[in-house]
Amino acid sequence: MSIHLVISSDEKYAIVNALAFYDMYHTAKQDFNSDAKEQWQMCFREDNRGAEVVDKLATKIANSF
């Protein structure tokens, strides 16, 4: 079964960064010192313009199936 989801450019970057963070965090490819944590927080703030962006994006993806 194929599912097509229309996403904006901003949503694409949020998804890519979330997956990259998930991979790095759970495979210990990066030491999560305070500098690394600050860099990921900056990515998160730039990807998510508003408090509900991640929740809305997750809901959009979850409801597409």
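How closely do the axes of helix H1 and helix H2 come, and at what angle do they cross? Bear in mind that this is a predicted model. Select residues 9-27 for H1 and residues 34-47 for H2: the two axes come within 9 Å and cross at roughly 155 degrees. Angles over 145 degrees count as roughly antiparallel, so that is the label for H1 and H2. As for handedness, H1 passes H2 in a left-handed crossing.

**The contact between the helices**

Now show side chains. On the H1 side, pick Asp-10, Tyr-13, Ala-14, Asn-17, Ala-20, Phe-21 and Met-24. On the H2 side, pick Trp-40, Cys-43 and Asp-47. These residues make the contact, and they split into 7 nonpolar, 1 polar and 2 charged.

**The aromatic rings**

Next stop, the rings. How many aromatic pairs are there? The count is 2. For one of them, select Phe-21 and Tyr-25: the ring centres sit 5.7 Å apart with the planes at 25 degrees, so this pair is stacked. Planes have to be under 30 degrees apart for that label. Both residues belong to helix H1, and being 4 residues apart there, Phe-21 and Tyr-25 are separated by about one helical turn.

Phe-21 has 32% relative accessibility, so it counts as partly exposed. Tyr-25 is partly exposed too, at 48%.

Is Trp-40 buried or exposed? Its relative accessibility is 16%, so Trp-40 counts as buried; the cut-off for that is under 20%.

Select Phe-21, Tyr-25 and Trp-40 together and you have one aromatic cluster.

**A charged residue in H1**

For the last stop, go back to helix H1 and pick Glu-11. Although Glu-11 counts as a charged residue, it is buried, with a relative accessible area of 18%. What is Glu-11 in contact with, leaving aside its neighbours within four places in sequence? Select Val-6, Leu-57 and Lys-60: those are the contacts of Glu-11.

Methods
Residues numbered from 1 in each chain as written. Predicted model: local features only at pLDDT ≥ 70, side-chain atom pairs only at ≥ 80, totals over all residues. Heavy atoms only, no water. Axes fitted to C-alpha atoms, helices over the stretch in contact; angles between N-to-C directions. Helix = DSSP H or I, 4+ residues; strand = E, 2+ residues; numbered from the N terminus. Parallel < 35°, antiparallel > 145°, perpendicular 65-115°, else oblique. Left-handed = near helix turned anticlockwise from the far one by under 90°. Contact = heavy atoms within 4.5 Å. Phe/Tyr/Trp six-rings, centres within 6.5 Å; stacked < 30°, edge-to-face > 60°. Buried < 20%, exposed > 50% of the residue type's maximum accessible area, 1.4 Å probe, protein only.
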